[in-house]
Amino acid sequence: MQKPTVIEFHANCLKVLQKTLLAASPNEGCALILGESKNSESVKRKTCIIKLIWPCCNIWQPSIFNLKEPSTSQLENDLTKTSKQIRFALDPREQIVAQRWARTNNLSILGSAHSHPQGEAVPSLLDESWNFSEGLMAIVDGRGMVRTWWMAKTKNLKPEEIAHCENTVSK
């Protein structure tokens, strides 16, 4: 998938994303973002249209998937390393089910979303180091503010924020 220039939340997807992820507080909530990409040659714009939020369970636990932890000095807050309050992991089985459903319904998984109940809606060092695929990452802070980011495959590239808008038209 190519990096979009704008993200559009279809119908009530923005509200669903906020409420779904904040419902897990004080833990991080997580979800998959499903939709489609559109190119507009006339205005040289690539738009990702988010059409569905697929809520997922946060299955994070210590040593999950044998992911390497950053050193303690790199951690951004004082919560314990074993806390779902600063960690999330999507269940691979949920991802497979969502992928199959998306294909059946002519949609794609555009990326993932999670909350930072005690932090900002900005990718953390963990979000960057544990990101394994190129795509969107939406983050909701504890106040409900949503920011969308493009996460590159290459670890040395910083996430780029992408503007988003809410499309109130339901099709």
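Which residue of β3 does Glu8 stand opposite? Glu8 stands opposite Ile49 in β3, and the points below set that pairing in its context.

1. Basis of the note. This is a predicted model, in which local features need pLDDT of at least 70, side-chain atom pairs count only at pLDDT 80 or more, and totals for chains, interfaces and linings use all residues. Residues are numbered from 1 along each chain as its sequence is written, while side-chain values use heavy atoms, with hydrogens and water left out.

2. Sheet order. The open sheet consists of 8 strands in the order β7-β6-β5-β4-β2-β3-β1-β8, with mixed pairing; helices (H or I, at least four residues) and strands (E, at least two) are DSSP runs numbered from the N terminus, and two strands pair if DSSP finds at least two bridges between them. Since β7 (160-162) and β8 (164-167) stand at the edges with a single partner strand each, one side of each is left without a neighbour in the sheet. From one strand to the next the twist averages 35°, where axes are lines fitted to C-alpha atoms, for helices over the stretch in contact, and angles run from 0 to 180 degrees between N-to-C directions.

3. Strand pairing. Strands β2 (residues 30-40) and β3 (residues 45-56) are antiparallel and share 11 bridges, with Ile50 of β3 as the bridge partner of Gly35. By contrast, β1 pairs with β3 in the parallel sense over 4 bridges, and β1 also runs parallel to β8, to which 4 bridges join it; in the latter pairing, Ile7 stands opposite His164 in β8.

4. Helix packing. Helix α2 (residues 92-104) packs on the sheet and touches β2, β3 and β4, its direction making about 125° with that of β3; contact here means heavy atoms within 4.5 Å.

5. Strand β1. Of the 5 residues in β1, 5 are buried, buried meaning under 20% relative accessible area, exposed over 50%, and partly exposed in between (1.4 Å probe, protein chains only). Val6, Glu8 and His10 point one way from the strand, whereas Ile7 and Phe9 point the other way. Beyond its neighbours within four places in sequence, Ile7 is in contact with Cys48, Ile50, Leu136, Thr148, Ile162, Ala163, His164 and Cys165.

6. Aromatic pair. The structure holds 1 aromatic pair, the rings of Phe, Tyr and Trp (its six-membered ring) being paired if their centres lie within 6.5 Å, with planes under 30 degrees apart counted as stacked, over 60 as edge-to-face and the rest as tilted. Trp54 and Trp101 form this tilted pair, 5.8 Å centre to centre with 55° between the planes. Because Trp54 lies in strand β3 and Trp101 in helix α2, the pair ties together parts that are 47 residues apart in sequence. Trp54 counts as buried at 18% relative accessibility, whereas Trp101 is partly exposed at 34%.

7. Cysteines. The count of disulfides (pairs of cysteine sulfur atoms within 2.5 Å) comes to 0. Cys48 is buried, with a relative accessible area of 0%, while Cys165 is partly exposed at 34%.
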